[in-house]
Amino acid sequence: MKVIVFLVLSLLFLACHNQDGKQYPMINLESISDNNSKVLFSNIVDSIRYVALETNDSCLVAGNSSICGITEAYIYIRSASNIYQFGDDGRFIKEIGTLGRGPEEYPNIAEVKVHNRKVYVLTWGGEMVIYNENGDFLRKDTPESLISNFEIINDSIYVSEEKDYEDRGMRQYLVGYLNGKKHWNVLLQQDDLEIEQNYKLRGRFYTLNNIVYYKSLYSDTIYQIDNNFNPNAVKVFNYGKYSPERNMYENFKDRKNAINAGYIFNEMFFEAEKYWLVWSMMKDRYYLTIFDKDKNQIIYNQIPDKYP
């Protein structure tokens, strides 16, 4: 077994003032740049299990496939425009839903999530198509504005990120749905920039201990969605000089130039009981940062100091 030795970096867990005057914990990703120490994988995970997925003519898994859900009994794989269900032993069981234009079909896939024996399929047109674990169609929700991302709270409620483009400006909302109907919404971002309509630029949702968290693409703050469905700031990720200006996000030419200059444009988060794992994209490459929640310190960081 290969053993990797690691060095612990200095403490960088600060406080930040938000617009409401309160202080929130901040993970400072700018000032510890280019500290590429090594970390024991055994310090992050308890165990690893490899599952070989059955492949045949009914379930050809493409190279860009992704896991969209794992339950006690099933593994769900999104492969191109197909959603496959496998047993926990890798045995192929069935395809969930059907690609098409029919009332019980989905025309394309933007996002797939699994919750409590239901499969939620978000299309690039902003529709939500819902199936049970047997692949039976349950319902199709058509929101008032286009959903760009979502997270499930319970069987009746999901929360979404939605955008409205008016006169080249953009308004971004956090919207809650109860049984497929809009139940509440909160305005997160409003501007009058000359921007392109782009629903593929999306914020991030995740769930930990049945609590939903959200980070907008245009903000460094992570919000917790409380029991009244309101967003409450809980943490700040400070990218400092790596944060692009607002107009760089939406305009393709500005975005391309900023990516080449070394600004961070895309993030992926994973929060566990003890760690934060953050993947930050710069110059078409992802850099990993690991934050130890118990020690309140970053223990691993790949972000280079030479950009932008």
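# Reading a predicted protein, residue by residue

Me: In which strand does Thr221 lie?

Reply: Thr221 lies in strand 17, which covers residues 221–225. Strands (E, at least two residues) and helices (H or I, at least four) are DSSP runs numbered from the N terminus. This is a predicted model, where local features need pLDDT of at least 70 and side-chain atom pairs count only at pLDDT 80 or more, while totals for chains, interfaces and linings use all residues. Residues are numbered from 1 along each chain as its sequence is written, and side-chain values use heavy atoms, leaving out hydrogens and water.

Me: Is Thr221 buried or exposed?

Reply: Buried means under 20% relative accessible area, exposed over 50%, and partly exposed in between (1.4 Å probe, protein chains only). Thr221 has a relative accessible area of 3%, so it is buried.

Me: With which side chain does the side chain of Thr221 make a polar contact?

Reply: A polar contact is a pair of N or O atoms within 3.5 Å; within protein, one must be able to donate a hydrogen and the other to accept it, and residues adjacent in sequence count only if both atoms are side-chain atoms. For Thr221 the partner is the side chain of Asp220, at 3.2 Å.

Me: How many helices and strands does the protein have, and what share of its residues is buried?

Reply: The secondary structure consists of 2 helices and 22 strands. Of the 308 residues, 46% count as buried. The accessible surface is about 16,200 Å², and 46% of that surface belongs to carbon and sulfur atoms; areas come from the Shrake-Rupley method with a 1.4 Å probe, and for residues only the protein chains shown count as cover.

Me: What share of the contacts joins residues at least 24 apart?

Reply: Contact means heavy atoms within 4.5 Å. Among contacts between residues at least 6 apart in sequence, 45% join residues at least 24 apart.

Me: In what order do the strands of the open sheet run?

Reply: Two strands pair if DSSP finds at least two bridges between them. Here 4 strands form an open sheet in the order 7-8-9-10, with antiparallel pairing. Strand 7 (111–115) and strand 10 (137–141) are the edge strands, each pairing on one side only. On average, neighbouring strands of this sheet are turned by 15° against each other, direction ignored; axes are lines fitted to C-alpha atoms, for helices over the stretch in contact, and angles run from 0 to 180 degrees between N-to-C directions.

Me: Which residues have the most contacts inside the largest nonpolar core?

Reply: A nonpolar core is a set of buried Ala, Val, Leu, Ile, Met, Phe, Trp, Tyr and Cys residues joined through side-chain atoms within 4.5 Å. The largest one has 18 residues, and those with the most contacts inside it are Ile27, Leu29, Phe237, Tyr239, Trp276 and Ile303. Strand 15 (204–208), strand 20 (275–282) and strand 21 (285–292) each supply at least two residues of this core. Strand 20 gives the most, with 3 residues. A second, separate core of 12 residues includes Tyr120, Ile147, Tyr173 and Tyr177.

Me: Why is strand 20 largely enclosed by the rest of the structure?

Reply: Strand 20 is largely enclosed because 6 of its 8 residues are buried. Strand 20 pairs with strand 21 in the antiparallel sense over 8 bridges, and Met282 stands opposite Arg285 in strand 21. The two strands form a hairpin with 2 residues between them, and Lys283 in the turn has a positive phi of about 50°.

Me: Where do Ala80 and Asn116 lie?

Reply: Ala80 is in the loop between strand 4 (74–79) and strand 5 (82–87), and has a positive phi of about 55° although it is not a glycine. Asn116, in the loop between strand 7 and strand 8 (118–122), is not a glycine either and has a positive phi of about 50°. Ala80 is partly exposed, at 47% relative accessibility. Asn116 is also partly exposed, at 47%.
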